[in-house]
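Hi,

Here is the structure I promised to pass along. Have a look at it first, and my notes follow below.

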Amino acid sequence: MKFPHLLAPYELADLQLQNRVVLAPLTRGRASAARVPNKLMEKYYLQRAEAGLLITEATSISEQGIGWIDNPGIYNEQQTQGWKSIVDALHAQNSRVYVQLWHCGRSSHSSFRKDESLGVAPSALKIDNGEPVHAPVGKVPFEVPRALEIDEIPQVVEQYRAAAQRAKEAGFDGVEIHSANGYLIDQFLQTKTNKRTDKYGGTVENRSRFLKEIVEAVSTVLPTNRIGVRISPNGAYNDMGSVDNPETFRYVAEMLNKLDVGYLHVVDGLAFGFHGLTEPMTLADFRPLFKNTLMANCGYTAESADETIGKNLADLVAFGRPFISNPDLVSRFANGWKLADPAPVELWSAPTEKGYTDFPTYEESVATATK
């Protein structure tokens, strides 16, 4: 078999996966203005249903947490039912699917909310990377966020728990807690963005407390083996990167190991940007610290993914950009078929079917070419 490690079945907790290829969470911005998952999104996920595990695009846990145009939510009944339709369709194809729970924190903008309230963060420090935020009012500078009061933090933790409850009602196989890429939980973890002097700041234990409380709250709804956590120790996205990241993320991995979460999703590749403040953290750093499933991500090819699994550095590999223009990515890997050209960046998060569900499979493209 071509790529025998990558295409081998895998048991994730108590779930049987048909292969070790994971659809990475990709924020595509095709939900309605009400952030309700729809039939177009259902078609998109069904096209990619041959992945061993599908992780949904980042899904807002509350209105406060919104920071992306037309991404879906999971904080009301209409959204929950929209997701249920998609989950039911995927389960009918014997696919496994987790929802990624998301709070944008300081990367949000006041125009995303009816009351025009500022985004929130551990500390009142704005993103200062020279890039604009894509907001409902257009491309605008990032704002200085409002630091969360200490008595507000349990309310946000409860939003994660409530979102997990809705995910359970929608039939998801599990949830992934988005603790990467400079969003709210990552902002609490890193010293660059967390300047608090209370029990949620200062030491690595305190900075990790918010994530720990979220995992514990979610685990009152779902067994821990159905909870995953995503981290990005090397990332620069959203103006991130701290000189003590190796210490921080080793502690986080050990903490999550003690909490017995089902998987740790590490954005270990550097293709999404690297802060350059330390040596890059690798899967070899995390493998001794975390006993359950380890998932790799960012910049992998079928060859490098197969090699990584074969060396026991990871159990699963998530593919993002290749899955955009190759809905049949697993079949292409299995048959040695050429991958389609990458999708243009401007189509990644557009409001239409173009660049979303209109990419042909390899067999469809061959049939079209021979007509």
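Asn94 counts as exposed, because its relative accessibility is 58% and the cut-off for exposed is over 50%. This is a predicted model, by the way. You'll find Asn94 in the loop between H2 and E5. Its phi is near 65°, which is a positive value in a residue other than glycine.

Arg35 has a phi near 65° too, again positive and again not a glycine. This residue sits in the loop between strand E3 (21–23) and helix H1 (39–47). Is Arg35 buried or exposed? It counts as buried, because its relative accessibility is 9% and buried means under 20%.

Now for the barrel. Eight strands close into it, in the order E3-E4-E5-E10-E11-E12-E13-E14, and the pairing is parallel. From one strand to the next, the twist averages 25°.

Helix H2 (residues 77–92) packs on the sheet, where it touches strand E4 (53–60) and strand E5 (97–102). The direction of H2 makes about 175° with that of E4. Helix H3 (residues 153–170) lies across E5 and E10, and it runs at about 160° to E5.

Which residue in E11 is the bridge partner of Val175? That is Ile227. As a reminder, strands of a sheet pair through backbone hydrogen bonds.

Cheers

Note on methods. Residues numbered from 1 in each chain as written. Predicted model: local features only at pLDDT ≥ 70, side-chain atom pairs only at ≥ 80, totals over all residues. Heavy atoms only, no water. Pairing = 2+ DSSP bridges. Helix = DSSP H or I, 4+ residues; strand = E, 2+ residues; numbered from the N terminus. Axes fitted to C-alpha atoms, helices over the stretch in contact; angles between N-to-C directions. Contact = heavy atoms within 4.5 Å. Buried < 20%, exposed > 50% of the residue type's maximum accessible area, 1.4 Å probe, protein only.
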